[in-house]
Amino acid sequence: MEKTEGSESATATGCPSETELAGKARMCEGCPGQALCRQQGGRDPDQEVLDTRMKAIKHKILILSGKGGVGKSSVAACLSMALAELSQKVGVVDLDICGPSIPKLLAVEGREVINSQWGWKPLISPHHDVKVMSVGSLLEQSDNAVIWRGPRKTALIKRFLKDTYWGRLDVLICDTPPGTSDEHLTVVKAMKSTNPDGAVIVTTPQEVAIATIRKELNFCRKMGVHVIGIVENMSGYVCPCCQERTDIFSSGAGERLAIEYSVPFLGRIPIDQVCICVT
């Protein structure tokens, strides 16, 4: 991960959140995050095992978006299948604890995760043998609601990374929920010492989505997460009869945002009936 102005300024203030004094130092008194830092600060005793698992994986990519409903999971699933089709060994970890959709998209819904002596065995998708781990595969019924506070989410995400027997992969794709909350902070901190490649930011062309995506880009800057690029999803509709493309939600906002933040623009994905039928 790259250092940014935001991460350097956080260090300059003397905040001990990454040390053993997290939540305990005198300067922590009165801080609203003191209790959380006291629980999570300092060196994680599980970090060594987690690092061992993650170092066996060549590339680690986060799929991020501050906005819900922009198609992060669809992009994560399609990216995993495209890479696997190129003979890459690929895994997808679904970090959306409350709204997992990866099991459905990668056709592993209803299958049970086995806990072996080496850890949880990820499910193997029939789509190019992509390995999958999701809370959706741990529920007794797929429509059960997951009503958890932050610490339980944090613990499960760490288990997905640390206790899943991923083996040697070329790419691990992390599908995240909307926003910049516990799930994002947990995975960024957990992977920090294993040099993840960065994040792919997914947006749609509407201005209301772009306004929220700016917050995600600022989150990446503050946390030192390298932005691989921006994808504009649902960019136009492709007619199944004549193949003519129509911009129902306008177009070009993702590219303008990439220019504004000086990050690569990776391309546009239209609404295509073929993709809808597959997913």
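Tutor: Start with the whole chain, which is a predicted model. Buried residues make up 45% of its 279 residues. The chain has ten helices and eleven strands.

Student: How do you know that Phe-160 counts as buried or exposed?

Tutor: Buried means under 20% relative accessible area. Phe-160 has 0% relative accessibility, so Phe-160 is buried.

Student: What makes Trp-120 count as buried or exposed?

Tutor: Use the cut-off of 20% again. Trp-120 sits at 10% relative accessibility, so Trp-120 is buried.

Student: Why is the pair of Trp-120 and Phe-160 called tilted?

Tutor: First, check the distance. Ring centres must lie within 6.5 Å to pair. Here they are 5.9 Å apart. Next, check the planes. Under 30 degrees counts as stacked and over 60 as edge-to-face. These planes stand at 55 degrees, so the pair is tilted. The chain has two aromatic pairs by this rule.

Student: What does the pair of Trp-120 and Phe-160 tie together?

Tutor: Trp-120 lies in strand S4 (residues 119–121), and Phe-160 lies in helix H6 (residues 150–162). The pair therefore ties together parts that are 40 residues apart in sequence.

Student: Which residues touch the most other members of the largest nonpolar core?

Tutor: Phe-160, Leu-161, Leu-172 and Ile-201 do, in a core of 63 residues. Helix H4 (residues 72–85) gives the most to this core, with six residues.

Student: What does Leu-161 touch, leaving out residues up to four places away in sequence?

Tutor: Its contacts include Leu-50, Met-54, Trp-166, Leu-172 and Met-191.

Terms used:
Residues are numbered from 1 along each chain as its sequence is written. This is a predicted model: local features need pLDDT of at least 70, side-chain atom pairs count only at pLDDT 80 or more; totals for chains, interfaces and linings use all residues. Side-chain values use heavy atoms; hydrogens and water are left out. A nonpolar core is a set of buried Ala, Val, Leu, Ile, Met, Phe, Trp, Tyr and Cys residues joined through side-chain atoms within 4.5 Å. Buried means under 20% relative accessible area, exposed over 50%, partly exposed in between (1.4 Å probe, protein chains only). Helices (H or I, at least four residues) and strands (E, at least two) are DSSP runs, numbered from the N terminus. Contact means heavy atoms within 4.5 Å. Rings of Phe, Tyr and Trp (its six-membered ring) pair if their centres lie within 6.5 Å; planes under 30 degrees apart count as stacked, over 60 as edge-to-face and the rest as tilted.
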